Structure formats: C-alpha cells, structure tokens
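Please keep the sequence and the three-dimensional view at hand while reading.

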Amino acid sequence: MYPDYLAGHVKEVERTRPKRLELALTGAPVFPPMTAEEREDVLTKYHPDYSKGAKRPVRVGPNKGEEMTTEVAVLLEAHSMIRPKLMELGLREPDYETDLLIIGGGGAGCWAAITAARQGMKSLIATKLRIGDANTMMSEGGMQAAVSRTDSPTRHYLDAMGGGHFENDPALVRVLTEDAPEIVRELENLGVIWDKESDGSMQVLHGGGTSRKRMVSCRDYIGAIIMRTLMDEVRNHPDLISIREFEPAVELILDENGRCAGAVLYSLDTEQFLIVRAKATIIATGGFGRLHIRGFATTNHYGATGDGLVMAYRAGAKLKFMDSVQYHPTGAVFPEQIAGFLITEKIRGAGGQPLNKFGELFVFPREPRDVESAAIIRECGHDRNNGIDTYVGRTGVWLDSPIIDMIHGEGYIHRQFPGMCRQFNRFGIDIAKEPMLIYPSLHYQNGGVAINERCETSIPGLYVAGEASGGVHGRNRLMGNSVLDYNVFGRRAGQHATQYAKTAKLGRLSLEHVAEHARELKREGIDTDMISPLILPSYTPEDVKIQQLARLGNVPALHSMLRSRFTAQERRTHP
Amino acid sequence: MQKETEPHEEGGKRQHVGAHMVSVYINGKRHVVPEHATIMRAIEYAGHQIIRGAGCREGFCGACGTIYRLPGDYKLHTGLACTTLVKDGMSLTQIPSVPMEKAVYDLETLTPDVTAILQVYPVTFRCVACGTCTKACPQGLPVMDYIQAAMRGDIAAVADMAFDCVACGLCALRCPAEIIQHEVGILSKRLTGRYLRKESRELDDRIAEVRSHKYDGEYSKLMTMDKAALSKLYYARDIEP
C-alpha cells in the first residue's frame, strides 16, 4: 500500500490501464520508438553525461588531454596508496607466486580461473571483499544470446552496435554475439538453471533495444544463480585456484621489460601490503557505480569503485569511452530505504510501462538505456514537470507492473519476479497489484581499459575482462549484454592469459611507473589529497567524518585509506 | 530524484534532519539513528566503515547477515542488514563470516539423486526437522522443507525451494544439527541445471551453425560497413512483437 499522498496518483495509472492494455495486446508498439534524430535530441538535452561539469580533460597518463567523466578524472589524478621505495624488499621477495593473478572475484574473474584450471594452470584470485561480491551477483533480468529460431548472432550484433551508437569495437561485438549460444550451454553444463518453455527451448524475452526476443533468464535472479555456480566451481579446484579475500590489488607491478608481473595487494584486515609475482595478470575488477557520479544513487555493489581503471592507467594502459556513464532507467524511488536499487529491465521486457503523473506513456518502454533514462529525466524535469514527488524530495515516474499479469496471465509476476516481489513486499507493496515508482540510477561503466578480442591490453601480460574493459558496448550498453560480456570475455581472458603464461619469462620487478605517476602529478601542478584506488566508499555522516579526519597525518592524506577521503562537501568544491 | 547541484550521498546525516530518531545498540553500544534507517545505514550513520558485513547492499549477496534482539522479546532474530529496518531498542551485531567447509566435488561424477547428498553433504541427514533454519531465513524460504526434500533425493524440489537463497548462512549458524543448508541448496541447483533439464534443440542447432561458420560472411559484411550504412540498416530493421 502506498501512503495517501501517492495513492491518488496510483488511481491515474489504473484509470488509463484498460486502454493501454488493449493496445499492448495487439502487439503493436505502445508508443512510437524514437528516430535517430529524436534519440540525439533527448540525449544531448537530458542525459547526465551532457550536463554542465560532467566531463573535463584528464591531465595525466596515456589519455592525457582527453575528456573524461569528471569523477573518473579526479581518481586518475590522485596519489597512489604506496611509496615505491618502501616496497623494494617486497619486490625481491614476493609474498605470493602464481602463474595467473586474477584481480577480482566476480563473474569474469571466476570464469578466468575456471578456464585456466581446465588447462592445468594455477591461478590466484585476489578480491576486495568476498569472492562473488560483485555486480555479477546483482544482475536480475537476463542475458542476451541469439538462441531462438527467429534470431541470429548477426542480428544481435546489429542491435548491440545500434545501442552503442555504432561506436563499439566491431571485433569485440562479434565475439560477444558469436560466443553467446555456446556460453548458454557452458553455463547449463556447470549447473545454471535457465527458464525454459515446456518443450525445453529457452524462454526468451525482449530487452531495451532488442529487435528479437533474446533475453534468457533465471527468474529474476540470473546473477545470483550464475555467480554462485561459478564460485562453487572455483572452490572445487583448491589445488589449482587459491583465493585471497579482503585483499584488493592497489597497484600493478611491471618487470624491467615493461611486462605486467603481478600486483601489490592491500589486506583490509591487517593493513599490510603484499606482493604477488605472476606470469600473467587479469583485471576483472568491475565498474565504478560507488563513485556516485553526478551525485546519483547507484545499483552497484559496495566495492564498485573503478580500481582496475586506476591501476591499469598508472601502468600505462589506455582507456576507452571514459566520457560516458550508464544510468539504468529504472532505479527504485520509493520507499526511501531502497532508493536507487535496481528494478530489472525484465519488467519492461515482459510488458511493463513507464507512466507520468497523468498515467500516460511518454516513451517507448524498450528504448536503449541511455535514451530511456534521458526520456524519464525529461519527463521529471522543469520542462515537463510530469513526475511524482516523494516526501523526501525525490521525483520519479510510475512503472506499471500489474499490466504484466493482465498480458501474460495471473501469477506470471510472482513466478518470474520473485526477487522484485520480495524487495517491495518488505514495505507492503504488492507489485502484481500496484506500480513501482522509478527514476534512473547509476548503473554501468560503459567504457574501460582498451582490449582486443583476446582481452589483451597494450601492456604485455596484462588482460582485462568484464565491466573494467572498454570498447564492447561503445558509449551505451544494452540490457543483458554485460552478463554476456563477463561470461564471454572472462572465459577468453582465462584462455589467452594461460597461453601467454605458459612461456612468459619475468625480469626484475618494478614499481617505477608508480614513482613516475607521482612525478607527473607534480609536473602538472596537481594538488590533491585524494588517494586511489578508492577501495570503498564512505557513508559516514559529514560531521562524524570531520571528527575522524582530525587524526594527525591526514593532510596530505598519505596513510590508511579508509579515513582519508574527501567529505561530500569537499568533493563538491573540487574541480 | 537527485538534483545535480546537491549530490545525494547514501546515508548522509543532513538528509535525516527532522527525521524521528531511535536508539539502537550496535555491538552493545548505544547510538541514536534515524527511525527509517536500515541496519546497514544505521551502522554507517554511527560512523563505522563496514568492511566485513556489506556486499551488494540490495539483498542478493548475503554478506550482511545480522542477529538482533528487541526489548521485551526473548527471541534472537536474524536478518540482512541491508534490508532490515531498525527498531527502537534493537540490539544488534553483524556476522563477519560463517565458518563452514564447502565440500569439494566433481559435478561430472555425481547423479541427481539422494546419493549425491549422501556423498557430498552427509551431515544433511542429521536433520531433526525442528524448523529453526526456516525461522532464521531472511528470504522467507522453506529451508527445512528443502532439507527434507534433499533427504528424499528430490533434487529438483530442493532447487526450486532454494532458488532465491542468498547464502547468508544464518540457517547454518542456527541449525542444532550443524547442517550447511545453503550449500545443499547450491549443490542441488547445480545438479538440476546439469542433469534434470530438458535439452533445447534450437540451442544445439545454433551452436552447430556458429561452429560451421554459417555467419562468417554476414559478419564480415556488417563489420566493414560505415556508420551511415549500418545506421540505415539498424533503423530499418523489423522488431518482433
């Protein structure tokens, strides 16, 4: 039940529903999809990437001079956590030796370890929180794979390119879409339970920007099912795969010949720095939602702070498309306790409709995400003022979910969306009977470290897979292509890094690139007390944080990372 | 809606000005926090940086298992810190990790029946059907029922009932028979996906097509098109109803 001040608005949704349902049942688009020009118009006027101050040139490193999302530029221009001079002993006597170092224990990292283990290669997964604490775990709606008879991998290719405004790397999109059917089978063989039709064929639904029904799913827990399957398999190979939890990497290590040779880990339990020497290294650290870009709430997990970008960049790897950010069209707005949480796009894939305060459609429900989000922001903004306000000052539009049961038959929502039902039931809202209030939420790092289809970077021995990489999705990813991405490229990174590690010979280990980064900051006259990788965001209230920052040695903040960050106030005044 | 000029930070103190406050005891120490806060936000509001005890923060990962008591109530309650709201007088502590041994097994050598449970998690058969696990489950799953199904070898039923498990391990910590219920659930789900599925003929055919390079020609055509041509093709494509 919604409180009285919102219940009146719900009535508008109910009032317009019979007509909208009638139209939906005809199979025709319920609202005209946008043309190329209309897309361009709504994006440039309303997408947060185009707002004032959203981007600025980065002043250091391989992409120097290029426009980047401001929050990312700030991270790349921050100090390292370590002093290379103090690491010299460690570099001579590493704490861990392994063939393959995998940084990050999410979907891509686990796939890389499993693939390496299948070839008898030893690996070490170093991860910030627990293995599986990753955005992979939280994906809800589905994965794209062209498995139905009406579909084809090349159609999938065209949809993905169009979603990314034709800027995606064609070679990467090809392997993404061409590997997809086999990934479905591989996951099934590892024990993933797919939603199926009674004859065994895959259940497929639409997602934003798909021209064929291509979304395969596991109710609305696809990430939790895939992640737990992969983690369980990783842990079935203790002889080949070691796991170090709460030990995030904070810098890469190169050898004297410029090859990647491992990383410096930081134990969150003991605050020790630990050296890993590895023949090949895979960055699978995921995205950056916890940077709260443009002040947005996020759907991302606690550790999504873009660490991989920072480390790879300092080591000399080039980044791609770091001027774009994905906002998921449907983050929760009410109740306040779940503000920003993900409402799966599968809701719209199954027929859910976004509606303004008059209960009217204002956008085709399945535009690509950037377009859909910009249209929702336009509807809520000053130009139209058609949003619905909550008591804490948030604004959103409705997402009509009850219409789904009317399209597919009663009980469909409870069967297909147990996670969404549970999330709202906790607050007394039955989404089979009442709509949800939604607004875009910071969701995905479209760009990342530039890779090729073998997941190689410009640094020999360094591989990147999953959300940390850039190029696959251009400047806008479609729903279901990130679940596919970490599966396809995690597996590929495992294969190719294993091949490389078989013959790689390492020279003397070095952190000279970290020392050089410090010199570059000085040369460019960059004065900052920011340290990166950020590792974890802080949600301590500002007055408490100021009391914590009073500790001696905080300016410049060159010690314990957890208590040496900008307060929100300081961040606001930062360039 | 998050106004651009006014960054919204999750859990920041300012947004709660004027909110009603309640007292909670975090690890025995009293803190005053907003009454609408989740346990996780209350802990952070009090000034803690959570390291062990937060993961996805949305109810999927099971990192934030928490036990608590309420005034005048003898019960030891369980919940996820990210989705459980504080109550006045609540006394809580987070569980930093759940000690347990995940069995090492080879999925390819198991069969989807009671022998798999016997072989991998024999402790399952110590179940006394007390229902403590079901009471402890923050997802509201019928945990005891699926453990009983596992003892009968009804693997598909276990998978169905344990589908939404977040593996927080609170059931396993409360179980007087020391069963690790969530692991039994994961094993059963994997057995179901691997062995009890209906095969998809379309999927077989599509994989075979890709392997026989059926799409190579079309890919090379698409990959060499310029942006204008690709865009024309894209906006003209038909959309399946």
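## The model and its two chains

The structure is a predicted model. Where chain A meets chain B, 88 residues of chain A are in contact with 73 residues of chain B. On the side of chain A that touches chain B, the elements giving two or more residues include helix H6 (135-138), helix H7 (153-163), helix H9 (222-234), strand S15 (395-400) and helix H15 (418-425) of chain A. Helix H8 (170-190) of chain A is also one of these elements, and H8(A) provides the largest share of that side, 9 residues. Sorted by class, the residues on the side of chain A that touches chain B are 38 nonpolar, 27 polar and 23 charged.

## An annotated span of chain A

An unreviewed UniProt entry carries the annotation "domain: FAD-dependent oxidoreductase 2 FAD-binding" for residues 99-483 of chain A. In the model, this span is 28% helix and 21% strand. The C-alpha atoms at the ends of residues 99-483 of chain A lie 27 Å apart.

Strand S9 (residues 260-266) of chain A is mostly covered, with 7 of its 7 residues buried. S9(A) runs antiparallel to strand S8 (residues 249-255) of chain A, and 5 bridges join the two strands. Within this pairing, A:Glu251 has A:Val264 in S9(A) as its bridge partner. S8(A) and S9(A) form a hairpin with 4 residues between them. In the turn, A:Gly258 has a positive phi of about 85 degrees.

S9(A) also takes part in a hairpin with strand S10 (residues 273-283) of chain A. These strands run antiparallel and are joined by 5 bridges. A:Leu265 stands opposite A:Leu274 in S10(A). Between S9(A) and S10(A) there are 6 residues, and A:Glu271 in the turn has a positive phi of about 60 degrees.

## A sheet of three strands in chain A

Chain A contains an open sheet of 3 strands in the order S11-S17-S19, with mixed pairing. Strand S11 (319-320) and strand S19 (469-470) of chain A each have a single partner strand, so one side of each is left without a neighbour in the sheet. S11(A) pairs with strand S17 (residues 448-450) of chain A in the antiparallel sense over 2 bridges. In this pairing, A:Gly448 in S17(A) is the bridge partner of A:Lys320.

Helix H10 (residues 307-314) of chain A lies across S11 and S17 of chain A. The helix runs at about 35 degrees to S17(A).

## An exposed residue in a loop

A:Glu524 is placed in the loop between helix H17 (512-523) and H18 of chain A. Why does A:Glu524 count as exposed? The reason is that A:Glu524 has 12 C-beta neighbours inside 10 Å, and a residue with 12 or fewer counts as exposed.

With neighbours within four places in sequence left aside, A:Glu524 is in contact with A:Arg59 and A:Val60. A:Glu524 and A:Arg59 are 465 residues apart along the chain, yet their C-alpha atoms are separated by 7.2 Å.

## Domains and a sheet in chain B

Chain B is divided into domain 1 (14-94), domain 2 (107-195) and domain 3 (201-235). The centres of domain 1 and domain 2 of chain B, taken over C-alpha atoms, are separated by 29 Å. In chain B, 8 residues of domain 1 are in contact with 7 residues of domain 2. Strand S4 (residues 77-80) of chain B gives the most to the side of domain 1 that touches domain 2, with 3 residues. That side of domain 1 has 3 nonpolar, 5 polar and no charged residues.

An open sheet of chain B consists of 5 strands in the order S2-S1-S5-S3-S4, with mixed pairing. Strand S2 (29-34) and S4 of chain B stand at the edges of this sheet. Strand S3 (residues 65-69) and strand S5 (residues 90-94) of chain B pair in the antiparallel sense over 4 bridges, and B:Thr66 stands opposite B:Gln94 in S5(B).

## A packed helix in chain B

Helix H4 (residues 143-152) of chain B has buried residues B:Val143, B:Met144, B:Tyr146, B:Ile147, B:Ala149 and B:Ala150. An α-helix has 3.6 residues a turn, so residues three or four places apart point the same way. The buried residues of H4(B) pack against helices of chain B, among them helix H2 (114-120), helix H5 (155-161) and helix H7 (181-195). After H4(B) comes B:Gly153, whose phi is positive, near 80 degrees.

Notes
Residues numbered from 1 in each chain as written. Chains lettered and ligands numbered in written order. Predicted model: local features only at pLDDT ≥ 70, side-chain atom pairs only at ≥ 80, totals over all residues. Buried ≥ 20, exposed ≤ 12 C-beta atoms within 10 Å, placed from the backbone. Contact = placed C-beta atoms within 7 Å. Pairing = 2+ DSSP bridges. Nonpolar A, V, L, I, M, F, W, Y, C, P; charged D, E, K, R; others polar. UniProt positions renumbered as here; feature names shortened; annotations may be inferred. Domains from an automatic or database assignment. Axes fitted to C-alpha atoms, helices over the stretch in contact; angles between N-to-C directions.
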